[in-house]
Structure formats: C-alpha cells, structure tokens
Amino acid sequence: MANRIHPSILNANLAGIDGELARIPSAHGIHVDVMDNHFVPNLTLGLPVVESIRANHPELFLDIHLMIEEADRWAPGYAEAGCESVTFHLEASAAPIRTARQIRQLGSRAAIALRPQTPVEPLADLLTEFDMVLVMTVDPGFGGQSFLDNQLGKIRRTRDLVRASGQEIWIQVDGGVSESTIERCVDAGADVFVAGSAVFRADDPDAMVRHLTEIADARCAAH
C-alpha cells in the first residue's frame, strides 16, 4: 500500500480547528487523540468534538486514537459517529476481539495500539481481527516527545507478523515522527505515520506533509 501521513491535531490550535485542518489539504488522514486523564496523564477532546469535526468535514479520513480507560465501552461510539478508523489500546481492553468486531460491524476500520513497554507477540493470534496496528514510539499522553529508537525492533516484528498473516494490515507509528526519523520507520516496516509537531510547527504545514510523504515514498522505492 502507499504510505500515508496522518497529522495529529494534538499539536494544532484546537481553538481554531477548522482553520488548522484547512492548512493540511495534502494529509491522507487526520489523527485525533482522545485522552481521559486516567489512561494517560492528559485530558483532550472527546466524542462531541469528534462528532462536530465529522459534521464539518465529511470529506476527511478521521483516524481516532483512544487513549482512554474502558475502551470496550467507548470505542464503538466513534465508529457510530462515522470515523473511518478507530484505534484503542490493548492495555485498556478486556475484550479486544469483541470490540474490534463491533467497530468493523459499524463500518469503521478497527485498530489496536501498543504502549512502548507492551510486546506485540501476544497479538499474533488476534492480528486478523484488526485493520491496523499502532506502535507507539513515545510514551502516550503528550505531543512533542523525542522518538524512541528502541521501538524499531517492535515495528519489524509487527511487520513480520503481518506478513505471516497474509492480510493487508496497516502498521502505524505515532510519536516523534519527523523528517529525521521517518526513514527509520519505513525501513522497519511502517506505512502510516502520525506527525504532530513536525507538521503544525512548520512554517508551511502542508509542504511538510508533502515532504514527509516524498521521503517515505523514496525510501520505499529504494528497498
């Protein structure tokens, strides 16, 4: 599949979200972090704001990343709201297969996320229940953190598991993705890249989206 850049609005001006989204027309999707100040030590937006974004921007691919407790309870609501992809954390789910199937039945892509300390191997037998695996390359909760190189091995192992499954399952990386780290992520096997501060702190956010896409595509072509 083609590489995808999903800018994270965690680093955008959330008071003027419509204007911020207008600055990145080249984005392949919009990554929306939902945090509850329990699963992670930060509080952001929730379902009502996501519903508003969906209503105002029906053309966007909304990639929801739930960093919340009780993921099994809340995740289906984001699929019902019409979000194209709903990611929940393995660490916050008591019934990941059931939740993934609910999300898919509601018409969304189901995705599972792993904190840096969580191994991917327990997912091996569950992998085909998901459309994407998100490997966190920072500790979840705050934007602007430095990329954790020690997660590259996990990305490689995830790619091996996906290849063995025979399914087309996206591998997303989130945390510290920039023009200086994206090549390493491509080399490890990722194909969906969440970039927050690298995009929204750039002088021209959309030019940065295009630049990151070009770097990723060139690296793939070189393999």
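Reader: Which elements are included in what covers the buried residues of H2?
Author: Happy to start there, keeping in mind that this is a predicted model. Helix H2 spans residues 47–56, and its buried residues are Val 50, Ile 53 and Arg 54. The cover over these buried residues includes helix H1 (17–22), S2, S3 and H3.

Reader: Why do the buried residues of H2 line one face of the helix?
Author: In general, an α-helix has 3.6 residues a turn, so residues three or four places apart point the same way. The face of H2 turned away from the buried side carries the exposed residues Pro 48 and Ala 55. The buried ones are Val 50, Ile 53 and Arg 54. Seen down the axis of H2, they line one face because they fall within an arc of 100°.

Reader: Nice. Which strands stand at the edges of the sheet?
Author: Eight strands make up an open sheet with parallel pairing, and their order is S1-S8-S7-S6-S5-S4-S3-S2. An edge strand has a single partner, so one side of it is left without a neighbour in the sheet; that is the case for strand S1 (4–7) and strand S2 (30–35).

Reader: What is the bridge partner of Met 35 in S3?
Author: S2 pairs with strand S3 (residues 62–67) in the parallel sense, over six bridges. Within S3, Met 35 has as its bridge partner Met 67.

Reader: What angle does the direction of H3 make with that of S4?
Author: Helix H3 covers residues 71–80 and packs on the sheet. There it touches S2, S3 and strand S4 (85–89), and its direction relative to that of S4 makes about 170°.

Reader: How is H3 placed against H4: roughly parallel or roughly antiparallel?
Author: H3 and helix H4 (residues 96–105) have axes 9 Å apart and pack at an angle of about 15°. Residues making the contact include Ala 75 and Ala 79 of H3, with Thr 99 and Ile 103 of H4. Angles under 35 degrees count as roughly parallel, so H3 against H4 is roughly parallel.

Reader: Last one: is Thr 213 buried or exposed?
Author: Thr 213 sits in helix H8 (residues 205–222), and H8 lies across S1 and strand S8 (192–195), at about 145° to S1. Leaving aside residues up to four places away in sequence, Thr 213 touches Ile 5 and His 28. Its relative accessible area is 14%. Under 20% counts as buried, so Thr 213 is buried.

Definitions and conventions. Residues numbered from 1 in each chain as written. Predicted model: local features only at pLDDT ≥ 70, side-chain atom pairs only at ≥ 80, totals over all residues. Heavy atoms only, no water. Helix = DSSP H or I, 4+ residues; strand = E, 2+ residues; numbered from the N terminus. Buried < 20%, exposed > 50% of the residue type's maximum accessible area, 1.4 Å probe, protein only. Contact = heavy atoms within 4.5 Å. Pairing = 2+ DSSP bridges. Axes fitted to C-alpha atoms, helices over the stretch in contact; angles between N-to-C directions. Arc of directions from axis to C-beta. Parallel < 35°, antiparallel > 145°, perpendicular 65-115°, else oblique.
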